[in-house]
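Reader: I'm new to reading structures. Could you walk me through this one, a bit at a time?

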Amino acid sequence: PLDASPAATSLDMSVVETDAGIDPQTTDAAGDGTPPDQPPSLTEVEALAAELDALCETDCAKDAMCNPDTAESTEVCIDSYCGYVAAIDANALSQTLMDCFEAERDLLLCVTVLSCEDYTQYYYGDETETVTFCAAEQNIYDNTCSDFFESDTETASP
C-alpha cells in the first residue's frame, strides 16, 4: 500500500478585521478572504481506508487463486500490502491523500474483477506487451498518487 504519511499542509489561519468593523473572518494564506480548503475528516479517510483494506484482501485472495504456484499466501500478502486503516496518520490528512485513496480504490475495483488470465497478465505479464486492462484507472492512480511514490533520485546514493 501507499505510504500514508505525506507532509501535512500548513495553512495560515490568521484572523483579520476589515476597516468596516465587520466580524473577523478566517482567511487563506493569500489573505483574499476565501476560506482555506478543509482537509477531509478522519472518519471519511478511515471509511475509504477500510474499503481499500477489503479490496486489498480481495486482491490478495485473487492472486492466490489465479496463481497458486507462484503467489504469496493470502495471509502473507495481506500482511505485506494491506493495512490502510492502521497506516493513517491523523495529522497528515489532506485532500491529496483522499484523492489518491479514491484513485487506488477505483484501480482495485477494476483489477479484482478481471478474469484470472487478464489478472495475471496485468500483474505478471511480459513487460514488452502493452497491458490495456484497467489502463485508464492505472493512469489516474499514477497521476493522482505521484506525491506518495518514492522517487529513484531520493533513494539513490551519490
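Reader: How many aromatic pairs does a search of the whole structure find?

Author: Keep in mind that this is a predicted model. Any pair of aromatic rings is described by the distance of the centres and the angle of the planes. Searching the whole structure gives a total of five.

Reader: Is the pair of Tyr123 and Tyr124 stacked, edge-to-face or tilted?

Author: Start with the centres of the two rings, Tyr123 and Tyr124, which sit 6.3 Å apart. Stacked needs planes under 30 degrees apart, and edge-to-face needs over 60. The planes of Tyr123 and Tyr124 are at 55 degrees, so this pair is tilted.

Reader: Which residues in α5 does α4 meet?

Author: Helix α4 covers residues 95-111 and helix α5 covers residues 116-124, and their axes come within 10 Å. Those axes cross at roughly 135 degrees, and α4 and α5 are therefore oblique to each other. On the α4 side you'll find Leu107, Leu108 and Val111, and on the α5 side they meet Tyr119, Tyr122 and Tyr123.

Reader: How many residues apart in sequence are the parts that Glu51 and Arg105 tie together?

Author: Side chains of opposite charge can pair when their charged atoms come close. Glu51 and Arg105 form a salt bridge, with their closest N and O atoms 3.9 Å apart. Glu51 lies in helix α1 and Arg105 in helix α4, so the parts they tie together are separated in sequence by 54 residues.

How values were computed: Residues numbered from 1 in each chain as written. Predicted model: local features only at pLDDT ≥ 70, side-chain atom pairs only at ≥ 80, totals over all residues. Heavy atoms only, no water. Phe/Tyr/Trp six-rings, centres within 6.5 Å; stacked < 30°, edge-to-face > 60°. Axes fitted to C-alpha atoms, helices over the stretch in contact; angles between N-to-C directions. Helix = DSSP H or I, 4+ residues; strand = E, 2+ residues; numbered from the N terminus. Parallel < 35°, antiparallel > 145°, perpendicular 65-115°, else oblique. Contact = heavy atoms within 4.5 Å. Salt bridge = Lys/Arg side-chain N within 4 Å of Asp/Glu carboxyl O.
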